[in-house]
Every structure is written in structure tokens, then in C-alpha cells.
Amino acid sequence: MLDFFTIFSKGGIVLWCFQGTGVTESFTGPVNALIRSVILQERSGNNSYSHDALSLKYKLDNEFELVFVVGFQKILTLTYVDKFIDDVQLHFRDRYKNELEQKGALALLNSHFAFEDDFKMLLREAEESSKARGPTSMRSFNASLKSQKTVKSMIETKGGDKGKEQGGKKNKNELHILIKSCLVVQGMQLSSMKGDLLAVDYESSEGEEEEEDAVERVVVADTSKKIPKKGAFGGMFGMLKGLVGSKSLSQEDMEPVLDKMRDHLIAKNVAAEIASQLCDSVAKKLEGKVMGTFTTVASTVKGALQDSLVQILQPKRRVDILRDVLEARSQRRPFVITFCGVNGVGKSTNLAKISFWLIENGFTVLIAACDTFRAGAVEQLRTHQRRLNSLHPPQDHGGRPIVQLYEKGYGKDAAGIAMEAIAYARNQAFDVVLVDTAGRMQDNTPLMTALAKLIAVNMPDLVLFVGEALVGNEAVDQLVKFNQALADHSMSDKPRLIDGIVLTKFDTIDDKVGAAISMTYITGQPIVFVGTGQTYNDLRSLNARAVVGALMKA
Ligand SMILES: Nc1nc2c(ncn2[C@@H]2O[C@H](COP(=O)(O)OP(=O)(O)O)[C@@H](O)[C@H]2O)c(=O)[nH]1
Ligand SMILES: [Mg+2]
């Protein structure tokens, strides 16, 4: 007599469904309509709804967040339906208490609800009791539902199903492995660095796509949970897709999702202030947008955030150093790059890696030792220069060392040394001058002024800010203050600010790649190089999608 009966979680996971014999029409449409026009709009007053020729009755179980829906032909007067839904609800809750108590979509997916026999038994009872109207005889205790319920609950609630529990655990672990991505740290051997740099590489497990897909299936109430595509429910998901309603997004809908996203970004090392700004802008972008489906508040927000992140990381301006060096060469002048940043971030080391890359591409390099401050800074560069020359011996280059060091010891004026080095490079026809500078804290005004002067006087082609991928909130402070100092002390109307970023120690941060976002967001400048280790080969370009992928991963 019933057309269908379905039990689904408020999270949208269909736990069990029944279709009456001889019923061929899909009940997805009516259920969809019920969700859209009643449940979603919180107009669930009288628990019944009609859709075309069907009557639908439903019951919400707020404790376990379940929805029970029964559908039957309107022309039928089924007096037992209300009581029947109650009975099914109680029975179902009782029988699957253990599974339902394990909160979360994953637990539901891992549970198997073989409810068919119980359902049929309840239905038979309900139908019979309605037939036997009039002077209804009292059921014996044994025949009553109550007796079965108690017995069943006593059997089932203790201990649960061990095998099933273990299965659940295993799946959780698999999922954990599935969603963990790790950075591939490149080998230590030197290899050729000719041409453009490789992009930063990520290794992700094969299930990644499935996980991405799965997120699509998470509904409003379950925004934090991810469920694997191939769950125990297989084909039922097909129907789930239809269990949706359209609704325009409000701040309220998005707030819980955005809060989670913000925390997630901060946990990935994005500066807090920037994480908030990003989430606000995503909210603005999406507010009022009509959602195609009920299932996608979380995934819509996630998608929009992902797009913004890629947008931020994608360079607005293409930095093609090899091409620019060639152009400078054609103008018979050296291409000058200045490196700046706080102490110990890897300025000198990455300058040496960049020298190696340029040399591999056939250019000659002059390193200007303008860190005249830190003991050992000049010697560190001299060591690099020797090593690089031994990798590319002068005899291979017409007897001329391919890399030279221009140094004037310690304590001298860095701006002056840079100027002399550039003049020397022009005379000696070096292709590139790399200017190493002393590390300085962004709050040290005299040193910041000196840096601004060095840059203003020498007008390098590229000013690279070197920053560690390890920094969180500090990244913003550093960059804002470096740029501010360059602007304040530039002595020109059009001050030279930071043109690009070298993001170092990327090999040490696992998937906490947030600094990349903070730095590009705050400067609007591209990450030109990524340092991924301590050998000359450990230099990469940024792969925006891979970084965003790592950032969005749980
Ligand atoms: N793991 C790792 N260490 C790096 C990287 N870049 C630099 N370092 C290390 O960071 C430390 C400081 O580097 P240095 O170039 O002297 O920093 P500077 O003070 O900014 O010139 C050194 O021990 C480097 O070997 C990198 O990309 N990955
Ligand atoms: Mg240094």
C-alpha cells in the first residue's frame, strides 16, 4: 500500500529505503520537493505534505538527526501511517543505537542498516491492526512491538558489532592516509638546472580525487565531515544527489563553514588577519547566490575560497628572469637583483642557488657581498663562489671564471659596494649581479633606511624579498614594514618596492604552506623562487594549484 519509505540523515545520507512492490516511479522528486519546501524552510508543522498524487508524511528525529519519510497515494486513507512512522522510528533507533550514536557522516557510511525484515514486520502489523478495526482485541505482550524492542535493544546495545567497528576504524585510517599529502623532498644529487625551474612538487595519494568528490556530497549540517565516495551505500548516492533544494546563500548559512575555513587556513600558517580577510571576501562574493543544490553550501564556499587562493598565487605579472637577463645583455648592461629580508632566512644560500641556475643557463654572475655586517657573511659567499666555479671550471668558459665575488670586507657602506660591483660588472661584461645584503629586522630603522638607500641609489632590476615559509603572522609584519621603509626612504616619486618573493625552507613545513598566501596577498607580488633544501638543486618555481591543494587539504 505504501509507495515508499525512506530514512535519511539530516546530513543527507540515505540510510535505508523501501519501495513498494509495483511502484515504478522514482520518489526522489517528491522527497526533494518536501525537503525544499518544508524541511529546509523550517515549516515542518503538521508533518504532512502532498506532491501531485502522493501524500507524504515525515518525522524528524532531532536527537539522531534523522528524517523518516513515507509516501503513499493520496486517494488512500491510511489511518495507520502516523503511528507506523512512530513505530519505525522507535524501532530503527533502538536497533541501530550504537551506529547512530557514533556521530558523523563517516560512522553512518560505515554502518550497514539491514532493516528490510524489521520494516516488513512492522508494516504487516500496522496493516493488520488497521484492518482489524472496531473492537480491537488487545495484543498479547509477546506480539507487541514493545516486547521486541526491549529484547532487541538488550541484545544489540551491549558491545555492538565488533567486526563492524573494526571495519570503521580501518576506513578512518585509510581516509587519513588518503587525505594526507606530503612534500617530495628532492634528492641531494646535483642535476642540470637548464631552462625554467621545475614547479614545487607534491605527491598526493591516489584517492585524492575521490576525496575531493566526496566533499561535494557533504550537506549543510555536516560541513566538517568528509565521506569517501565508495561508501557502504554505493548506488544509493545516486538518489542522494536528488535530495536537494535550491536556496539563496545567506551570511548565516556560510558563517559556520567560513569559521571552519578560517581556522583551517590559520592552522596551515596563513596569517590570521589575511585568513579573515579572505573569508570575508568569499562571503561577500557568495552572499545571495542561489545554490543549485542543498548539498553544497560547504563545497560552494570551499570552491570559492579555492578559486580566490589560486587567484592570489597566480602571478599578475610574469617574471621571466632568463628572458630579462638576455634583454639586459643585449643592452650591454648587467641585470641586477637585490636580495633582502630578516636574519637567517636564507638570503645568501638561495642567492647561491640562483647563481647556479643562472650559470647552468649560460650566464656569468657577479656576486656583490653587501652583507658587511655579519661575521662570516663574505666567507660564506666566497665558499659558494669557489664551489660553483669548480662545478663550472673556467677552462670550460674560455678561461674566465663564470662566477666572481665582489667584496670589500666588513663595516663599509653596502650601497657603495653595490654601486662599485655594478660598475665592475658592466666593465667586465657580467650578465647578472646578485646583491647579497645584511639581514635586518623590520623594526630597525637605521638599517631599514640603509637598505632603502642601497635600492634607491642602485635601482636594481629586481628587488627580491626573501622570507621563510615557516612564518605565520610575522610574514605580514615583515613585508609591510619592508615595503613601508622602501617607500619612506626612497627619495623618489616612484619608490622601488619589493618586486618578488623568494620563499625559503619550503622543505621544512610539511603542508603548512600558508606563508605563500600571506606574502603574495600582502604584496601583490609573485613568488619567483621557492627554496626546498640546502643544495644548489633545491630551487623551484611555485605551482599555485599544488600549493592551494595542500592548503585546502584536511
Ligand atoms: N631546509 C632548508 N634550509 C635552508 C634553505 N635555505 C636556507 N637554508 C638554511 O638556512 C640557514 C640560513 O641561511 P643563510 O643563507 O645564511 O641566511 P641569511 O642570513 O638570510 O643569508 C642556513 O643554515 C641554510 O642552509 C631551504 O630552502 N631549506
Ligand atoms: Mg647571509
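This is a short tour of selected stops in a predicted model.

Local features here need pLDDT of at least 70, side-chain atom pairs count only at pLDDT 80 or more, and totals for chains, interfaces and linings use all residues. Residues are numbered from 1 along each chain as its sequence is written, chains are lettered from A and ligands numbered from 1 in written order, and side-chain values use heavy atoms, without hydrogens and water.

**Stop one: Arg 332.** Select the loop between helix H13 (321-330) and strand S10 (335-340); Arg 332 is there. Helices (H or I, at least four residues) and strands (E, at least two) are DSSP runs numbered from the N terminus. Phi of Arg 332 is near 55°, a positive value in a residue other than glycine. Arg 332 counts as exposed because its relative accessibility is 73%. The cut-offs: buried is under 20% relative accessible area, exposed over 50%, partly exposed in between (1.4 Å probe, protein chains only).

**Stop two: Met 491.** Move to the loop between helix H18 (474-488) and strand S15 (500-504), where Met 491 is found. Its 67% relative accessibility is why Met 491 counts as exposed.

**Stop three: Lys 505.** Next, pick the loop between S15 and helix H19 (514-523), which holds Lys 505. Phi of Lys 505 is near 60°, again positive in a residue other than glycine. Lys 505 has 28% relative accessibility, so it counts as partly exposed.
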